[in-house]
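Hi everyone, thanks for making time this morning.

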Amino acid sequence: MIEAGDLLADRAYSQLSTAILRSELPPGTSLSVPELARHFGISRSPVREAVQRLIWDGLADYRGRRGTVVVDIDMSDFLRLLEVREVLEALAAKLAAERGTDAQRTDLRRIQKEFESLKSSDADRWVFTDIDMRFHATIRAMSHNKDLDATLARSQGRAHLSLNTLWRRERNFRATQREHAAMCDAIVDGDTDRAETAARTHIACLRQRVLAELEDHDRADAS
Ligand SMILES: [Zn+2]
């Protein structure tokens, strides 16, 4: 049951990363695999996988004997990461429009249709994450540039942290659907300029959504 295990690891990863972003698991908190497995009511291996992904994504830190702990996330670092991603996603989309195979274009269109068939962000949160990851992964693969693919794959994990809190909001969900549609159309059409612009817009808007969400969060904290 490799798929079920992956799904459990995905879920554990999403829950842990959300908890980290919302400071429910503050910096320095121990991420003990046996304890987390008990908490989630699942076996240790998907939890171990989730924790390894947190380390890989720079959200957790392995400290030898002390085990793995939550790192101190600097949101300004994260927003700067999105500045980089804005440029790299635009490049990936441009190359994808130019180099993507017909089969990959069909794949991308199919993933986008899946996304458009989702009615709301709340009911399908995990489906949404999965689709979003596959959408961006397909574009990266279509760029036929391994270095670009690897760089973006890593930053996407951290970017997804912000999505964890964002996708719950209907307006963010709808905006993402529209932005992905514009990217998909341009890439499938092979329009490099339009693809580049659409991808840049998507990440720039994502950055704005993160900022707006942080402001809401601060306001809620102050009241
Ligand atoms: Zn996206």
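Let me start with a question: does Thr176 count as buried or exposed? Thr176 counts as buried, because its relative accessibility is 4%. The rule here is that buried means under 20% relative accessible area, exposed means over 50%, and partly exposed is in between, with a 1.4 Å probe and protein chains only.

Before I go on, a word on what you are looking at. This is a predicted model, where local features need pLDDT of at least 70 and side-chain atom pairs count only at pLDDT 80 or more, while totals for chains, interfaces and linings use all residues. Residues are numbered from 1 along each chain as its sequence is written, and side-chain values use heavy atoms, with hydrogens and water left out.

Now the overview. The protein chain has nine helices and two strands, and along the sequence they are arranged as α-α-α-β-β-α-α-α-α-α-α. Helices are DSSP runs of H or I with at least four residues, strands are runs of E with at least two, and both are numbered from the N terminus. Of the 223 residues in the protein chain, 44% are buried. Contact, for us, means heavy atoms within 4.5 Å. Among contacts in the protein chain with a separation of 6 or more, 76% are between residues 24 or more positions apart.

Back to Thr176, which sits in helix α8. If we leave aside its neighbours within four places in sequence, Thr176 is in contact with Phe115, Phe128, Asp132, His202 and Arg209. Two of those names, Phe115 and His202, will come up again.

Take His202, and with it the metal. Which residues coordinate the zinc ion? They are His136, His180 and His202, each through NE2, at 2.0 to 2.1 Å. Donors are N, O and S atoms within 2.8 Å of the metal (3.2 Å for Na, K and Ca), and water is not among the atoms, so sites may look incomplete. Along the chain, the donors of the zinc ion are spaced as H-x43-H-x21-H. His180 lies in helix α8 (residues 170–189) and His202 in helix α9 (residues 192–222), so this pair ties together parts that are 22 residues apart in sequence. His180 and His202 are both buried.

Next, Phe115. Rings of Phe, Tyr and Trp (its six-membered ring) pair if their centres lie within 6.5 Å; planes under 30 degrees apart count as stacked, over 60 as edge-to-face and the rest as tilted. By that rule the count is one aromatic pair. Phe115 and Phe173 make up this edge-to-face pair, at 5.7 Å centre to centre and with 75° between the planes. Phe115 is in helix α5 (residues 102–117) and Phe173 in helix α8, so the pair links distant parts of the chain, 58 residues apart. Phe115 counts as buried at 0% relative accessibility, and Phe173 is buried too, with a relative accessible area of 0%.

Now over to helix α4 (residues 75–99), where we find Ala92. Ala92 is buried, with a relative accessible area of 0%. Not counting residues up to four places away in sequence, Ala92 touches Ile139, Ser143, Leu148 and Leu152. Ala92 and His144 are 52 residues apart in sequence, with their C-alpha atoms 8.8 Å apart in space. His144 is in the loop between α6 (125–142) and α7 (146–166), and counts as partly exposed at 47% relative accessibility.

Asp189 lies in helix α8 and counts as exposed at 52% relative accessibility. Glu196, in helix α9, is 99 residues from Ala97 in sequence and 8.7 Å from it in space, C-alpha to C-alpha. Glu196 counts as partly exposed at 23% relative accessibility.
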